[in-house]
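Dear colleague,

I am passing on a structure for you to look through, and my notes on what was found in it follow below. Please read them with the structure open beside you.

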Amino acid sequence: MIACLLIPGFELRAALRERPRLALVPAALAPEAGEDQLLGPVTAAAEAAGAKPGMRLGEALATCPSLVLVERDPAAVEREWEGVLCRLEDAGFAVEPVEQGTVVFETRGVERLYGGVQPALERALAAVGAGWDPRIGAATRRFTALAAASVARPAQILLVAAQEEESFLEPLPLSLLPLPPDRYAELEGLGLRRLGELAQLPGGAVAERLGVEGRKAWRLARGGRRAKVRGRKPAFELAETLVFPEAVGNELTLRRALGSLLERLLARPERAGRPFRKLAVSARLVGGGSWRRALTLRDATAEPGRLRAALGPKLAELPGPVVELRLEAVELADHTGQQLALVEPAGEEVGTRLREGLKQVRASTGTGSVCAVVEVAPWSRVPEARALVVPRDA
């Protein structure tokens, strides 16, 4: 079966790990600077006081004057999420992260190890830890598993049998579908509120009215395809950290510190001479919270000059003085060099650039972002049935 482990409000929970007292009072994740002033995830006490995720900041403070705004901590979120994934992998699960707080995996490989589906999923919950209030949904299809996890209670395992998937999805709200807000409004204008109501409509009519997004939503409302779970590559820890005795806000000093971290990272034996494809620089801010930026290089390289030129401008985005700077190698390239030829075969240069571009896109946007179109029924009268879009390997 395919299982989906869900931790609602993961970003807020991770930011509160060092301040557990705030988890018991009305608190919400503060909006990012420069973006719409909308609340992020909220605690149970804040929700009971009337504050909701996505609410305007002014409205939320008027509704709940005692609301505490928690600064975003992307470095802590990344660290805690990596810890969750590593604990699941240590328990024997090949995980495919969907987003922070949501991960899918198959139980087929560990059912005999733990004595069945239920004990295996109980082991997954125990590996994550009760402090995160995780919940798990399991079914034969990925979207059904996600829907089951969305309606499950904390620490609950909700199993949906194959013959019950249609009846299980039927009363669930349309908000489970990955659609933009205007599409939800359009569906509600047509009188549709539940997944079952959308699934009963003819697929061709839905595609004609709502386009590709509507066709995908209609397919998900009927359970979706039986897509396989692609476990991520084993993670590795390759990072360097520098702690300042006093808060530093001077960009020149920070650039020198970044250069020192880069030299230490290049000297690590675990790198085995492989160039960097994706790097991340993060900082602990003096007033609390953190800052993090990831950079995917156009061409994988280990040249210090090119790396400094690519990473240096990121420091100008720091919102304030920092007390700690960290440089992390998120992904390394496979090759350690490039073999040149006196005369390249026809089309070889284009093919090499295309393969390198695909690796760059995959490193930047994640597994499954690069797909290929495979014809399955070119004779079909329905355009969407003539071909499938499948993830493409490197």
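Ala155 lies in the loop between H7 and S7, where helices (H or I, at least four residues) and strands (E, at least two) are DSSP runs, numbered from the N terminus. Although Ala155 is not a glycine, its phi is positive, at about 65°. At 57% relative accessibility, Ala155 counts as exposed, given that buried means under 20% relative accessible area, exposed over 50%, and partly exposed in between (1.4 Å probe, protein chains only).

Before going further, please note that this is a predicted model, in which local features need pLDDT of at least 70 and side-chain atom pairs count only at pLDDT 80 or more, whereas totals for chains, interfaces and linings use all residues. Residues are numbered from 1 along each chain as its sequence is written, and side-chain values use heavy atoms, with hydrogens and water left out.

A second residue with such a backbone angle is Asp133, which has a positive phi of about 55° although it is not a glycine. Asp133 is placed in the loop between helix H6 (117-128) and S6, and at 30% relative accessibility it counts as partly exposed.

Turning to the sheet, 5 strands form an open, mixed arrangement in the order S4-S5-S1-S6-S7, and two strands are taken to pair if DSSP finds at least two bridges between them. Strand S4 (95-99) and strand S7 (157-159) stand at the edges with a single partner strand each, so one side of each is left without a neighbour in the sheet. Neighbouring strands are turned by 20° against each other on average, direction ignored; here axes are lines fitted to C-alpha atoms, for helices over the stretch in contact, and angles run from 0 to 180 degrees between N-to-C directions.

S4 and strand S5 (residues 102-106) pair in the antiparallel sense over 4 bridges, with Val95 opposite Phe105 in S5 and Pro97 bridged to Val103. Their hairpin has 2 residues between the strands, and Gly101 there takes a positive phi near 105°.

S1 is joined to S5 by 5 bridges in an antiparallel run, Ile2 having Glu106 as its partner, and S1 is also joined to S6 by 5 antiparallel bridges, Ala3 having Ala138 as its partner. In a regular strand the side chains alternate between the two faces of the sheet. Accordingly, Ile2, Cys4 and Leu6 point one way from S1 and Ala3 and Leu5 the other way, and all are buried.

As for helix H7, the buried residues are Phe143, Thr144, Ala145, Ala147, Ala148 and Ala149. Their cover includes S1, S6, S7, helix H8 (165-169), helix H10 (195-199) and H11, where contact means heavy atoms within 4.5 Å.

Finally, the axes of helix H9 (residues 181-189) and helix H11 (residues 203-221) come within 12 Å and cross at roughly 140°. H9 and H11 are therefore oblique to each other, since angles under 35 degrees count as roughly parallel, over 145 as roughly antiparallel, 65 to 115 as roughly perpendicular and the rest as oblique. The contact is made by Arg183, Glu186 and Leu187 of H9 and Arg209, Leu210 and Glu213 of H11.
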